[in-house]
Amino acid sequence: MASKPKTPTLDDVSKTIIEVLQEDGRRSYADIGRVVGLSEAAVRQRVQRLTESGVMQIVAVTDPLQLGFLRQAMIGIQVTGDAVAVAEALAAIPEIDYVVVTLGRFDVLAEVVCESDADLLDLLGTRIRTIPGVSTTETLVYSRLLKQHYNWGTR
């Protein structure tokens, strides 16, 4: 029987640090420290532990269109065999920025960011559909992004 992934235990201070950084990832450690009642050094240590443990990442989120990536799509993939193995192979492809194993119509969902329709077609035909176990794909091409937020909190 597979074991359940261990969920890290976060205290209220760590949760607040995460929430403050979700609002503005450029906030200084001193500023965060004033919010949570810790020193700048203590906040720095907590942030380092949270990032090293994989609980959070601090990244710059860009607008793909402004960087020349004119085609984004979600690809639903049906798999014969091991869906996790297919998902791991997909995760190794640089143009794919998001991969999840799902339960339902598709076994795996993969979000791609490409420079053009030709690049998307090439990615699908030569790299995704050739992965052993990929049975069928359905591509949902994005026409307009209306919302993309990363501030869902910590519960």
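This is a predicted model: local features need pLDDT of at least 70, side-chain atom pairs count only at pLDDT 80 or more; totals for chains, interfaces and linings use all residues.
Begin by selecting the four strands, which form an open sheet in the order β2-β3-β1-β4, with antiparallel pairing. Strands of a sheet pair through backbone hydrogen bonds, either parallel or antiparallel. At the edges you will find β2, residues 96–101, and β4, residues 134–141, each of which pairs on one side only. If you turn the view, you can follow the twist of the sheet, which averages 20 degrees from one strand to the next.

**Strand β3 and its partners**

Next select β3, residues 108–114, which is joined to β2 by five bridges, the two strands running antiparallel. Where β2 turns back into β3, the hairpin has six residues between the strands, and among them G104 takes a positive phi near 145 degrees.

Is β3 enclosed or open to the outside? Six of its seven residues are buried, so β3 is largely enclosed by the rest of the structure.

**Helix α4**

**Helix α5**

Finally select residues 117–128, which make up helix α5, and colour its buried residues L120, L123, L124 and I128. Seen down the axis of α5, these buried residues fall within an arc of 95 degrees, so they line one face of the helix. An α-helix has 3.6 residues a turn, so residues three or four places apart point the same way. Which elements do the buried residues of α5 pack against? They pack against β1, α4, β2, β3 and β4.

Turn to the other side of α5, where A118 and L121 are exposed. To finish, look at the start of α5 and select S116 together with A118: a side-chain oxygen of S116 reaches to within 3.4 Å of the backbone nitrogen of A118.

Definitions and conventions: Residues are numbered from 1 along each chain as its sequence is written. Side-chain values use heavy atoms; hydrogens and water are left out. Two strands pair if DSSP finds at least two bridges between them. Axes are lines fitted to C-alpha atoms, for helices over the stretch in contact, and angles run from 0 to 180 degrees between N-to-C directions. Buried means under 20% relative accessible area, exposed over 50%, partly exposed in between (1.4 Å probe, protein chains only). The arc is that of the directions from the helix axis to the C-beta atoms. Contact means heavy atoms within 4.5 Å. A polar contact is a pair of N or O atoms within 3.5 Å; within protein, one must be able to donate a hydrogen and the other to accept it, and residues adjacent in sequence count only if both atoms are side-chain atoms.
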